[in-house]
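Subject: Structure handover and notes

Hello,

Please find the structure below, followed by notes on what was found in it.

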Amino acid sequence: MTVYFEDEAGISFGFHPEEKAEEVIAFVRDHVECPYDIEVSVTLVDTDTIRQVNSQFRQIEKVTDVLSFPMMEYDSPRDFSGQAFQNSLSLSPDTEEMMLGDILLCSEVVKTQAEEYGHSELREFCFLVVHSMLHLFGYDHIQEEDRREMEEEQRKIMNGLGINR
């Protein structure tokens, strides 16, 4: 597994974001039973950057907590045998790992949401990485049934990591 990590925001946490991101990414990969070694990019950004990227790619002119950019397509979440997945499967020429996608995480929003929700910054950070990784594995929350399924997976993963509210 390769995690390309970059901190463009330069905001300090009481934990090592790169180490936590790698731990969570590996746990989610194992949870969804991904049969491939994976390559993921994680970038911590400020509110101006995430607002700009959100506007550019989603036409939503506002700050958000995390954006996910999947490289793979799925017929259904974590379906590694489906036609969409097989057609989109792309291996890194450098690592020969599956290029899963990119995560853009807003450090400032991690801090403010942790305070708003009354839990630790560690919990908020890990939750957002879990959420984003599930998007990279084909989960979504647009339809009500899909939202319930994704939330249940998030809950299972967070419990498995031992990170609770």
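Which residue just after α5 takes a positive phi? Gly138 does, with a phi of about 100°.

Some conventions before the rest. This is a predicted model, in which local features need pLDDT of at least 70 and side-chain atom pairs count only at pLDDT 80 or more, while totals for chains, interfaces and linings use all residues. Residues are numbered from 1 along each chain as its sequence is written, and side-chain values use heavy atoms, with hydrogens and water left out. Helices (H or I, at least four residues) and strands (E, at least two) are DSSP runs, numbered from the N terminus.

Helix α5

α5 has 16 residues and spans 23 Å from first C-alpha to last, close to the 22 Å expected at 1.5 Å a residue; the expected span is 1.5 Å times one less than the number of residues. Of its 16 residues, 14 are buried, where buried means under 20% relative accessible area, exposed over 50%, and partly exposed in between (1.4 Å probe, protein chains only).

Cores

The largest nonpolar core has 39 residues, and Val28, Val40, Leu100, Phe125, Met133 and Phe137 touch the most other members. A nonpolar core here is a set of buried Ala, Val, Leu, Ile, Met, Phe, Trp, Tyr and Cys residues joined through side-chain atoms within 4.5 Å. Two or more residues come from each of α1 (17-31), β2 (38-45), β4 (98-106), α5 (121-136) and α6. The biggest contribution is from α5, with nine residues. Phe125 is in contact (heavy atoms within 4.5 Å) with Phe15, Pro17, Lys20, Ala21, Leu44, Leu105 and Val110, leaving aside its neighbours within four places in sequence.

α1 has 15 residues and reaches 21 Å from its first C-alpha to its last, close to the 21 Å expected at 1.5 Å a residue. Its buried residues are Pro17, Ala21, Val24, Ile25, Ala26, Val28 and Arg29, and they pack against β1 (2-7), β2, α5 and α6.

Glu33 follows α1 and is found in the loop between α1 and β2. Its phi is near 55°, a positive value in a residue other than glycine. Glu33 counts as exposed because its relative accessible area is 62%. Gln59, in the loop between α2 and β3, also has a positive phi near 55° without being glycine. Gln59 is exposed as well, at 62% relative accessibility.

Largest pocket

The largest pocket has a volume of about 550 Å³. On a 1 Å grid over the protein atoms alone, a pocket is an open set of points where a 1.4 Å probe fits, with protein on both sides within 12 Å along at least five of seven lines; lining residues have an atom within 4 Å of a point. Grid points are joined across faces, edges and corners, and the volume is the space filled by probe spheres set on the points. Of the 27 lining residues, the closest to the pocket centre are Arg58, Val66, His131, His135 and His141. The elements giving two or more residues to the lining are α2 (47-58), β3 (66-70), α5 and α6. β3 supplies the largest share, five residues.

His131 also meets Gln154: their side chains make a polar contact at 2.5 Å. A polar contact is a pair of N or O atoms within 3.5 Å; within protein, one must be able to donate a hydrogen and the other to accept it, and residues adjacent in sequence count only if both atoms are side-chain atoms. Gln154 is in helix α6 (residues 144-161) and counts as buried because its relative accessible area is 6%. Leaving aside neighbours within four places in sequence, Gln154 is in contact with Phe127, Val130, His131 and Leu134.

Tyr74 lies in the loop between β3 and α3 (83-88) and is buried, at 14% relative accessibility. The side chain of Tyr74 reaches the backbone oxygen of Leu136 at 3.0 Å.

Gly101, in strand β4, is buried, with a relative accessible area of 4%. Its C-alpha is separated by 9.5 Å from that of His135, 34 residues apart along the chain. Not counting residues up to four places away in sequence, Gly101 touches Glu39, Val40, Ser41, Phe69, Pro70, Met71 and Leu136.

Regards
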